[in-house]
Amino acid sequence: MDDVERELETIILAQPIDLTALRAFSRRKGGFQNNKMRIRVWPKLMDVNRYKVMDFRQEIDPHRDDSQVQCDVERSLWNIEIIQTWRDSYRERRRQALSDIIVSILCRNKGLHYYQV
């Protein structure tokens, strides 16, 4: 572990966590350095218990922008470099998950609208 990782580790383990110091660290060159550190830091920044994740699908209700979301989701996940090894069934599951996430956010935030740009 290098000095930068040790410094970040100290911030993460402090109780209560110093979010100001964590945000300042994020703006430094290199930010949170690597995915291993990001996985630990982002839940703290977002005040999310990563061991107690809610099922966002419980938030899904019919929404006025459902059809627009579905149109965009159906056009998603076609980048050949990413999906060339995917089966169609896997792509469809990923699309359904994407749709569920978008619609649940819209349902939880009634003032939001979904627009195609």
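User: What is the handedness of the crossing of α1 and α3?

Analyst: In this predicted model, the crossing of α1 and α3 is left-handed. The two helices concerned are α1, which covers residues 3-13, and α3, which covers residues 35-45.

User: Why are α1 and α3 called roughly parallel to each other?

Analyst: Helices α1 and α3 pack at an angle of about 30°, with their axes 11 Å apart. Angles under 35 degrees count as roughly parallel, and α1 and α3 are therefore described as roughly parallel to each other.

User: Which residues of α1 and α3 meet?

Analyst: From α1 come Glu-5, Leu-8, Glu-9, Ile-12 and Leu-13, and they meet Met-37, Arg-40, Val-41 and Lys-44 in α3. Sorted by class, this contact of α1 with α3 has five nonpolar and four charged residues, with no polar ones.

User: What makes α1 and α2 roughly antiparallel to each other?

Analyst: The axes of α1 and α2 come within 10 Å and cross at roughly 150°. Since angles over 145 degrees count as roughly antiparallel, α1 and α2 are therefore placed in that class. The crossing in which α1 passes α2 is left-handed. On the side of α1 the contact is made by Val-4, Glu-7, Leu-8 and Ile-11, and on the side of α2 by Ala-21, Leu-22 and Phe-25. These residues divide into six nonpolar, no polar and one charged.

User: Which residues make up the largest nonpolar core?

Analyst: The largest nonpolar core has nine residues in all, namely Leu-8, Ile-11, Ile-12, Leu-22, Phe-25, Phe-32, Met-37, Val-41 and Leu-45. Helices α1, α2 and α3 each supply at least two residues of this core. Another core, of six residues, lies apart from it, and among its members are Val-69, Val-73, Val-103 and Leu-106. As general background, nonpolar side chains in soluble globular proteins tend to be buried together.

User: With which residues is Ile-11 in contact, leaving aside its neighbours within four places in sequence?

Analyst: With those neighbours left aside, Ile-11 is in contact with Ile-17, Asp-18, Ala-21, Leu-22 and Phe-25.

User: What makes the peptide bond from Gln-15 to Pro-16 cis, and where is Pro-16 found?

Analyst: The peptide bond from Gln-15 to Pro-16 has omega near -5° and is cis. Pro-16 itself is found in the loop between α1 and α2. In general, most peptide bonds are trans.

User: Why does Gln-33 count as partly exposed?

Analyst: Gln-33 has a relative accessibility of 34%. Buried means under 20% and exposed means over 50%, with partly exposed in between, so Gln-33 at 34% counts as partly exposed. The place of Gln-33 is in the loop between α2 and α3, and its phi is near 75°, a positive value in a residue other than glycine.

User: How do you know that Ser-99 is buried?

Analyst: The relative accessible area of Ser-99 is 4%. Buried means under 20% relative accessible area, and Ser-99 is therefore buried. Ser-99 is found in helix α6, which spans residues 88-108. Leaving aside its neighbours within four places in sequence, Ser-99 is in contact with Val-69, Gln-70 and Val-73. Ser-99 and Lys-29, on the other hand, are 70 residues apart in sequence and 35 Å apart in space, from C-alpha to C-alpha.

User: Why are α4 and α6 called roughly antiparallel to each other?

Analyst: The axes of α4, which covers residues 66-74, and α6 come within 10 Å and cross at roughly 150°. Angles over 145 degrees count as roughly antiparallel, and α4 and α6 are therefore roughly antiparallel to each other. The crossing of α4 and α6 is right-handed. Asp-66, Val-69, Gln-70, Val-73 and Glu-74 of α4 make the contact with Arg-95, Leu-98, Ser-99, Ile-102, Val-103 and Leu-106 of α6. By class, the residues of this contact divide into six nonpolar, two polar and three charged.

User: Where is Trp-86 found, and with which residues is it in contact beyond its neighbours within four places in sequence?

Analyst: Trp-86 is found in the loop between α5 and α6. Leaving aside its neighbours within four places in sequence, Trp-86 is in contact with Leu-77, Arg-91 and Arg-94. Trp-86 and Tyr-114 are 28 residues apart along the chain, and their C-alpha atoms are separated by 28 Å.

Methods
Residues numbered from 1 in each chain as written. Predicted model: local features only at pLDDT ≥ 70, side-chain atom pairs only at ≥ 80, totals over all residues. Heavy atoms only, no water. Axes fitted to C-alpha atoms, helices over the stretch in contact; angles between N-to-C directions. Parallel < 35°, antiparallel > 145°, perpendicular 65-115°, else oblique. Left-handed = near helix turned anticlockwise from the far one by under 90°. Contact = heavy atoms within 4.5 Å. Nonpolar A, V, L, I, M, F, W, Y, C, P; charged D, E, K, R; others polar. Core = buried A, V, L, I, M, F, W, Y, C linked by side-chain atoms within 4.5 Å. Buried < 20%, exposed > 50% of the residue type's maximum accessible area, 1.4 Å probe, protein only.
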